[in-house]
Amino acid sequence: MGYHIDTGLIKEKFNVDCECPLCEIKKIVEEQFLHEFLNDAVMEENTRITVGKRGFCSRHFDMLFTRKNKLSVALQIDTRAEVLSSFIGEINNAKQAKKLADQIDEASRSCVICALTEESMVKYYKTIAQMFEKEKDFFRTIIASKGFCLHHYAELLRYSSYAGFMKNEYVSVLSSTQNRNFTRLRTELKSFCDKHDYRRANEPLGSAETALPRMRVKLYGEKTE
């Protein structure tokens, strides 16, 4: 089985001093799609059709809106609004109202950038597992990392079978790396809390000073725009 994607970005981000290299990769993937939907792709019929069907979540709308090309955003949102207009109309019975409410909820949850980003990330989860199987020193790269946010740790476990005959060893390395680093961060967070005891007021915080925002990354993932 061949690699799904180029491995360069994986190796680069696994060597970054961060609490989750997958969050760093996701930011780059997401930025690529944001750029795409603000530029030439907006004029392509297939893109407009896709945006019409899926739209953008509020987060990605805000990320697009803060950029310079407001016209691209407006054109795509107009296309989406045209599709959603089918949900806007007069109704006259409760059964119809409930059905329409469900349809509106389902439509409101869709996002073309979320879908494309997640599709790309799945390829990274699979490729990381394959790299563990095929590159004899890659396990050292994982062990040397600071682990992952909980969401990306779960996804790596979900696709661990792509490590082939090394899948059990892969799971073992992932879990030991995550456990070690989660314990490390909890210790730093406890030191941060203890520092606020007046009896320890003069003790240096060291790495514990940033423990809370780093624990935020571990629990919820890296914050983006």
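Contact here means heavy atoms within 4.5 Å, and among contacts between residues at least 6 apart in sequence, 76% join residues at least 24 apart. This is a predicted model, in which local features need pLDDT of at least 70 and side-chain atom pairs count only at pLDDT 80 or more, while totals for chains, interfaces and linings use all residues. Residues are numbered from 1 along each chain as its sequence is written, and side-chain values use heavy atoms, with hydrogens and water left out.

**Overall form**
- The secondary structure comes to 11 helices and zero strands, where helices (H or I, at least four residues) and strands (E, at least two) are DSSP runs numbered from the N terminus.
- The radius of gyration, taken over C-alpha atoms, is 22 Å, whereas a compact globule of 225 residues would have a value near 17 Å by the rule of 2.2 Å times the number of residues to the power 0.38.
- Along its principal axes the C-alpha trace spans about 65 × 55 × 40 Å.
- Of the 225 residues, 38% are buried, a class that means under 20% relative accessible area, with exposed meaning over 50% and partly exposed in between (1.4 Å probe, protein chains only).

**Salt bridges**
- The structure holds 15 salt bridges, each defined as a side-chain nitrogen of Lys or Arg within 4 Å of a carboxyl oxygen of Asp or Glu.
- One of them pairs Lys146 with Asp17, the closest N and O atoms being 2.6 Å apart; because Lys146 lies in the loop between helix 8 (138-144) and helix 9 (150-158), and Asp17 in the loop between helix 1 (8-14) and helix 2, the pair ties together parts that are 129 residues apart in sequence.
- Lys146 is partly exposed at 29% relative accessible area, while Asp17 counts as exposed at 65%.
- Another salt bridge joins Glu188 to Arg184, with 3.7 Å between the closest N and O atoms, and both residues lie in helix 10 (residues 167-195), four residues apart, about one turn of the helix.
- Salt bridges that share partners join Glu19, Arg184, Glu188, Arg214 and Lys218 into one network, in which Glu188 is buried at 13% relative accessible area.

**Glu24 and its surroundings**
- Glu24, placed in helix 2 (residues 21-36), counts as buried at 14% relative accessibility.
- Leaving aside neighbours within four places in sequence, Glu24 is in contact with Lys13, Cys18 and Glu222.
- The C-alpha atoms of Glu24 and Gly221 are separated by 9.6 Å, although the two residues are 197 apart along the chain.
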